[in-house]
Amino acid sequence: MGRLSGKVALITGAGNGLGVAVAKLLAEEGAKVIATDIDYDGVKKIVEEINKESNESAIALKHDVSSKDEWISVVEEGVKAFGPITVLVNNAGILATTKYDQLTYEKWQKVMDINAWGQFVGMQTVVPHMKEAGIGSIINLSSIAAVNSGGGLTAYTASKGAVDAISRAAAVELGEFNIRINAVIPGVIQTQLFEEAFPTKEAKDAAMASQPLKRVGRPIDVAYLVAYLASDESYFTSGTSQLIDGALNVDGSRVAAKLD
Ligand SMILES: NC(=O)c1ccc[n+]([C@@H]2O[C@H](COP(=O)([O-])OP(=O)(O)OC[C@H]3O[C@@H](n4cnc5c(N)ncnc54)[C@H](O)[C@@H]3O)[C@@H](O)[C@H]2O)c1
(Lines give C-alpha, C1' and ligand atoms only; values in the text may rest on other atoms or scores of the structure.)
Protein backbone atom coordinates (compact mmCIF):
# COMPACT_ATOMS: atom_id res chain seq x y z
CA MET A 1 0.00 0.00 0.00
CA GLY A 2 1.28 3.47 -0.90
CA ARG A 3 1.59 6.33 1.58
CA LEU A 4 -1.33 8.03 -0.17
CA SER A 5 -3.68 5.09 -0.74
CA GLY A 6 -7.28 6.20 -0.32
CA LYS A 7 -6.49 9.87 -1.04
CA VAL A 8 -8.05 11.79 -3.90
CA ALA A 9 -5.72 14.61 -4.98
CA LEU A 10 -6.42 17.56 -7.26
CA ILE A 11 -3.23 19.14 -8.63
CA THR A 12 -3.33 22.35 -10.67
CA GLY A 13 -0.70 23.29 -13.23
CA ALA A 14 0.07 19.58 -13.64
CA GLY A 15 0.98 19.85 -17.33
CA ASN A 16 4.51 21.18 -16.78
CA GLY A 17 7.28 21.64 -14.22
CA LEU A 18 6.67 21.01 -10.53
CA GLY A 19 3.06 19.94 -11.11
CA VAL A 20 4.19 17.00 -13.27
CA ALA A 21 6.56 15.69 -10.59
CA VAL A 22 3.86 16.13 -7.93
CA ALA A 23 1.12 14.40 -9.97
CA LYS A 24 3.38 11.46 -10.81
CA LEU A 25 4.68 10.99 -7.25
CA LEU A 26 1.24 11.25 -5.66
CA ALA A 27 -0.11 8.64 -8.11
CA GLU A 28 2.92 6.41 -7.45
CA GLU A 29 2.16 6.66 -3.72
CA GLY A 30 -1.39 5.42 -4.32
CA ALA A 31 -3.51 8.58 -4.66
CA LYS A 32 -6.19 9.01 -7.31
CA VAL A 33 -5.11 12.10 -9.24
CA ILE A 34 -7.19 14.84 -10.82
CA ALA A 35 -4.56 16.65 -12.89
CA THR A 36 -5.60 20.05 -14.26
CA ASP A 37 -3.94 22.71 -16.38
CA ILE A 38 -4.82 25.54 -18.73
CA ASP A 39 -2.49 23.63 -21.11
CA TYR A 40 -4.80 20.67 -21.78
CA ASP A 41 -2.46 18.89 -24.24
CA GLY A 42 0.34 19.04 -21.68
CA VAL A 43 -1.71 17.63 -18.82
CA LYS A 44 -3.35 14.98 -21.04
CA LYS A 45 0.08 13.64 -21.94
CA ILE A 46 1.14 13.46 -18.28
CA VAL A 47 -2.05 11.61 -17.35
CA GLU A 48 -1.47 9.09 -20.16
CA GLU A 49 1.97 8.44 -18.70
CA ILE A 50 0.56 8.03 -15.18
CA ASN A 51 -2.20 5.69 -16.34
CA LYS A 52 0.34 3.51 -18.16
CA GLU A 53 2.03 2.91 -14.79
CA SER A 54 -1.03 2.76 -12.54
CA ASN A 55 -4.15 1.95 -14.52
CA GLU A 56 -7.05 4.46 -14.40
CA SER A 57 -5.63 6.33 -11.41
CA ALA A 58 -5.65 9.78 -13.02
CA ILE A 59 -7.82 12.06 -15.12
CA ALA A 60 -6.83 15.21 -17.03
CA LEU A 61 -9.01 18.33 -17.09
CA LYS A 62 -8.66 21.70 -18.78
CA HIS A 63 -8.72 24.40 -16.13
CA ASP A 64 -7.99 28.09 -15.77
CA VAL A 65 -7.51 28.51 -12.01
CA SER A 66 -8.50 32.18 -12.09
CA SER A 67 -12.07 31.23 -13.07
CA LYS A 68 -14.48 30.32 -10.28
CA ASP A 69 -16.85 28.69 -12.81
CA GLU A 70 -14.06 26.44 -14.06
CA TRP A 71 -13.15 25.48 -10.48
CA ILE A 72 -16.78 24.46 -9.89
CA SER A 73 -16.94 22.24 -12.98
CA VAL A 74 -13.46 20.73 -12.49
CA VAL A 75 -14.23 19.80 -8.88
CA GLU A 76 -17.61 18.37 -9.90
CA GLU A 77 -15.98 16.18 -12.57
CA GLY A 78 -13.19 15.10 -10.24
CA VAL A 79 -15.58 14.09 -7.48
CA LYS A 80 -17.73 12.21 -10.00
CA ALA A 81 -14.67 10.22 -11.09
CA PHE A 82 -13.03 9.45 -7.73
CA GLY A 83 -15.22 10.65 -4.81
CA PRO A 84 -14.55 13.51 -2.35
CA ILE A 85 -11.25 15.32 -2.87
CA THR A 86 -9.02 15.02 0.23
CA VAL A 87 -5.82 16.62 -1.09
CA LEU A 88 -5.54 19.91 -2.99
CA VAL A 89 -2.21 21.05 -4.43
CA ASN A 90 -2.58 24.67 -5.58
CA ASN A 91 0.48 24.64 -7.84
CA ALA A 92 -0.45 26.58 -11.01
CA GLY A 93 1.23 29.95 -11.14
CA ILE A 94 2.82 32.49 -13.46
CA LEU A 95 5.95 34.57 -13.11
CA ALA A 96 5.87 38.31 -13.72
CA THR A 97 9.23 39.93 -14.13
CA THR A 98 8.55 43.62 -14.46
CA LYS A 99 10.50 46.61 -13.23
CA TYR A 100 8.85 48.57 -10.44
CA ASP A 101 8.02 51.60 -12.62
CA GLN A 102 6.72 49.48 -15.52
CA LEU A 103 4.10 47.63 -13.50
CA THR A 104 0.56 48.28 -14.73
CA TYR A 105 -2.75 47.52 -13.07
CA GLU A 106 -3.48 44.91 -15.78
CA LYS A 107 -0.22 43.04 -15.15
CA TRP A 108 -0.64 43.27 -11.39
CA GLN A 109 -4.23 42.00 -11.61
CA LYS A 110 -3.39 39.09 -13.91
CA VAL A 111 -0.72 37.78 -11.52
CA MET A 112 -3.00 38.27 -8.53
CA ASP A 113 -5.94 36.58 -10.28
CA ILE A 114 -3.95 33.45 -11.13
CA ASN A 115 -1.51 33.17 -8.21
CA ALA A 116 -3.56 34.42 -5.27
CA TRP A 117 -7.28 34.42 -6.14
CA GLY A 118 -6.83 31.16 -8.10
CA GLN A 119 -5.55 29.42 -4.97
CA PHE A 120 -8.15 30.97 -2.66
CA VAL A 121 -11.14 30.12 -4.83
CA GLY A 122 -9.73 26.62 -5.25
CA MET A 123 -9.74 26.14 -1.49
CA GLN A 124 -13.25 27.58 -1.24
CA THR A 125 -14.54 25.15 -3.88
CA VAL A 126 -12.80 22.01 -2.59
CA VAL A 127 -13.29 22.48 1.17
CA PRO A 128 -16.97 21.33 1.24
CA HIS A 129 -15.81 17.97 -0.14
CA MET A 130 -13.05 17.74 2.46
CA LYS A 131 -15.62 18.49 5.16
CA GLU A 132 -17.77 15.69 3.77
CA ALA A 133 -14.78 13.32 3.87
CA GLY A 134 -13.86 14.50 7.40
CA ILE A 135 -10.23 15.06 6.37
CA GLY A 136 -8.20 17.30 4.09
CA SER A 137 -4.73 18.55 3.29
CA ILE A 138 -4.19 21.67 1.19
CA ILE A 139 -0.74 22.55 -0.11
CA ASN A 140 -0.27 26.00 -1.62
CA LEU A 141 2.80 26.80 -3.73
CA SER A 142 4.39 30.06 -2.62
CA SER A 143 7.89 31.21 -3.60
CA ILE A 144 11.27 32.27 -2.22
CA ALA A 145 10.41 35.60 -3.89
CA ALA A 146 8.05 36.26 -0.97
CA VAL A 147 10.98 35.82 1.44
CA ASN A 148 13.92 37.52 -0.27
CA SER A 149 12.89 38.96 -3.62
CA GLY A 150 15.60 39.34 -6.22
CA GLY A 151 14.08 42.63 -7.40
CA GLY A 152 11.79 43.33 -10.34
CA LEU A 153 9.24 40.87 -9.05
CA THR A 154 6.85 43.16 -7.16
CA ALA A 155 3.56 41.69 -8.40
CA TYR A 156 4.80 38.09 -8.21
CA THR A 157 6.20 38.71 -4.72
CA ALA A 158 2.92 40.26 -3.57
CA SER A 159 0.92 37.33 -4.95
CA LYS A 160 3.15 34.78 -3.19
CA GLY A 161 3.07 36.78 0.06
CA ALA A 162 -0.71 36.54 -0.20
CA VAL A 163 -0.42 32.77 -0.65
CA ASP A 164 1.50 32.46 2.64
CA ALA A 165 -0.95 34.70 4.50
CA ILE A 166 -4.05 33.01 3.07
CA SER A 167 -2.62 29.60 4.00
CA ARG A 168 -2.08 30.64 7.62
CA ALA A 169 -5.55 32.19 7.86
CA ALA A 170 -7.20 29.09 6.38
CA ALA A 171 -5.26 26.78 8.72
CA VAL A 172 -6.86 28.53 11.70
CA GLU A 173 -10.33 28.71 10.21
CA LEU A 174 -10.49 25.13 8.91
CA GLY A 175 -8.60 23.25 11.63
CA GLU A 176 -11.81 22.23 13.41
CA PHE A 177 -12.82 20.29 10.27
CA ASN A 178 -9.58 18.25 10.31
CA ILE A 179 -8.33 20.19 7.29
CA ARG A 180 -4.62 21.10 7.33
CA ILE A 181 -3.19 23.88 5.17
CA ASN A 182 0.50 24.44 4.49
CA ALA A 183 2.44 26.60 2.06
CA VAL A 184 5.55 25.34 0.28
CA ILE A 185 8.25 27.88 -0.56
CA PRO A 186 10.55 26.61 -3.32
CA GLY A 187 13.84 28.30 -4.04
CA VAL A 188 15.19 28.10 -7.58
CA ILE A 189 13.94 24.92 -9.25
CA GLN A 190 14.78 23.72 -12.77
CA THR A 191 11.51 24.18 -14.71
CA GLN A 192 10.16 26.29 -17.57
CA LEU A 193 9.70 29.10 -15.06
CA PHE A 194 13.45 28.92 -14.32
CA GLU A 195 14.11 29.19 -18.09
CA GLU A 196 11.93 32.32 -18.21
CA ALA A 197 13.68 33.93 -15.27
CA PHE A 198 17.22 33.00 -16.40
CA PRO A 199 17.06 32.71 -20.21
CA THR A 200 20.77 33.03 -21.06
CA LYS A 201 23.72 30.81 -20.16
CA GLU A 202 25.28 33.70 -18.20
CA ALA A 203 22.08 34.22 -16.19
CA LYS A 204 21.83 30.48 -15.47
CA ASP A 205 25.48 30.31 -14.41
CA ALA A 206 25.00 33.30 -12.11
CA ALA A 207 21.87 31.73 -10.57
CA MET A 208 23.76 28.49 -10.04
CA ALA A 209 26.79 30.22 -8.52
CA SER A 210 24.62 32.09 -6.03
CA GLN A 211 23.24 28.82 -4.63
CA PRO A 212 24.84 27.66 -1.36
CA LEU A 213 24.65 24.07 -2.69
CA LYS A 214 25.96 25.18 -6.11
CA ARG A 215 22.97 23.58 -7.77
CA VAL A 216 19.31 24.44 -8.28
CA GLY A 217 16.50 22.17 -7.12
CA ARG A 218 14.78 19.43 -9.13
CA PRO A 219 10.98 19.24 -9.41
CA ILE A 220 11.08 15.90 -7.58
CA ASP A 221 12.66 17.60 -4.54
CA VAL A 222 9.55 19.73 -4.17
CA ALA A 223 7.29 16.75 -4.93
CA TYR A 224 8.75 14.77 -1.99
CA LEU A 225 7.82 17.60 0.40
CA VAL A 226 4.34 17.90 -1.11
CA ALA A 227 3.82 14.13 -0.76
CA TYR A 228 4.74 14.33 2.93
CA LEU A 229 2.32 17.22 3.50
CA ALA A 230 -0.41 15.36 1.59
CA SER A 231 0.05 12.20 3.63
CA ASP A 232 -1.07 11.43 7.18
CA GLU A 233 2.60 11.49 8.22
CA SER A 234 2.12 15.27 8.52
CA TYR A 235 -0.89 14.77 10.84
CA PHE A 236 0.14 17.64 13.17
CA THR A 237 1.64 19.97 10.55
CA SER A 238 -0.63 22.87 9.65
CA GLY A 239 -0.28 26.62 9.20
CA THR A 240 3.37 26.33 8.19
CA SER A 241 5.32 27.79 5.26
CA GLN A 242 8.00 25.25 4.42
CA LEU A 243 11.16 26.38 2.67
CA ILE A 244 12.78 24.05 0.17
CA ASP A 245 15.54 26.22 -1.22
CA GLY A 246 18.96 24.70 -0.59
CA ALA A 247 19.66 27.34 2.09
CA LEU A 248 19.22 30.28 -0.29
CA ASN A 249 17.14 32.21 2.25
CA VAL A 250 19.69 31.97 5.05
CA ASP A 251 22.50 32.93 2.71
CA GLY A 252 20.54 36.01 1.64
CA SER A 253 21.96 35.75 -1.87
CA ARG A 254 20.41 37.91 -4.54
CA VAL A 255 19.46 36.02 -7.71
CA ALA A 256 18.44 38.58 -10.30
CA ALA A 257 15.81 37.37 -12.76
CA LYS A 258 15.58 38.79 -16.30
CA LEU A 259 13.25 41.80 -16.44
CA ASP A 260 10.88 42.79 -19.26
N1 LIG B 1 10.45 26.84 -10.66
C2 LIG B 1 10.78 27.62 -9.65
O3 LIG B 1 11.97 27.96 -9.49
C4 LIG B 1 9.74 28.08 -8.65
C5 LIG B 1 10.22 28.75 -7.51
C6 LIG B 1 9.30 29.20 -6.57
C7 LIG B 1 7.95 28.98 -6.74
N8 LIG B 1 7.51 28.31 -7.85
C9 LIG B 1 6.05 28.12 -7.97
O10 LIG B 1 5.78 26.76 -8.22
C11 LIG B 1 4.61 26.64 -9.04
C12 LIG B 1 4.92 25.81 -10.28
O13 LIG B 1 5.96 26.46 -11.00
P14 LIG B 1 6.75 25.77 -12.20
O15 LIG B 1 8.16 26.18 -12.07
O16 LIG B 1 6.39 24.34 -12.30
O17 LIG B 1 6.11 26.59 -13.42
P18 LIG B 1 5.87 26.13 -14.94
O19 LIG B 1 5.74 27.41 -15.69
O20 LIG B 1 6.89 25.14 -15.36
O21 LIG B 1 4.46 25.40 -14.86
C22 LIG B 1 3.32 26.10 -14.44
C23 LIG B 1 2.08 25.43 -14.96
O24 LIG B 1 0.95 26.21 -14.59
C25 LIG B 1 0.09 26.29 -15.72
N26 LIG B 1 -0.73 27.51 -15.66
C27 LIG B 1 -0.36 28.78 -15.93
N28 LIG B 1 -1.41 29.60 -15.81
C29 LIG B 1 -2.47 28.83 -15.46
C30 LIG B 1 -3.84 29.10 -15.20
N31 LIG B 1 -4.34 30.35 -15.28
N32 LIG B 1 -4.64 28.06 -14.85
C33 LIG B 1 -4.13 26.81 -14.78
N34 LIG B 1 -2.88 26.49 -15.05
C35 LIG B 1 -2.05 27.50 -15.37
C36 LIG B 1 1.01 26.28 -16.93
O37 LIG B 1 0.31 25.88 -18.11
C38 LIG B 1 2.06 25.28 -16.48
O39 LIG B 1 1.70 23.96 -16.83
C40 LIG B 1 4.18 28.07 -9.39
O41 LIG B 1 3.15 28.47 -8.50
C42 LIG B 1 5.44 28.87 -9.14
O43 LIG B 1 5.18 30.22 -8.84
C44 LIG B 1 8.38 27.86 -8.81
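**The ligand shell and a helix pair**

The shell of residues around the ligand divides into 12 nonpolar, 12 polar and four charged, where Ala, Val, Leu, Ile, Met, Phe, Trp, Tyr, Cys and Pro count as nonpolar, Asp, Glu, Lys and Arg as charged, and the others, Gly among them, as polar. Please keep in mind that this is a predicted model, in which local features need pLDDT of at least 70 and side-chain atom pairs count only at pLDDT 80 or more, while totals for chains, interfaces and linings use all residues. Residues are numbered from 1 along each chain as its sequence is written, and side-chain values use heavy atoms, with hydrogens and water left out.

Of the 28 residues around the ligand, those that come nearest are Asn16, Asp37, Asn91, Tyr156 and Thr191, a residue being near if one of its heavy atoms lies within 4 Å. Helix 1 (17–28), helix 5 (154–174) and helix 6 (192–197) each supply at least two residues of this shell, and helices here are DSSP runs (H or I, at least four residues), numbered from the N terminus.

Turning to polar contacts, meaning pairs of N or O atoms within 3.5 Å, a backbone N or O atom of asparagine 91 lies 2.8 Å from a ligand oxygen atom, and a polar side-chain atom of lysine 160 lies 2.9 Å from an oxygen atom of the ligand. Taken alone the ligand exposes 840 Å², of which the protein buries 93%, with accessible areas coming from the Shrake-Rupley method with a 1.4 Å probe.

Note on methods: A polar contact is a pair of N or O atoms within 3.5 Å; within protein, one must be able to donate a hydrogen and the other to accept it, and residues adjacent in sequence count only if both atoms are side-chain atoms.
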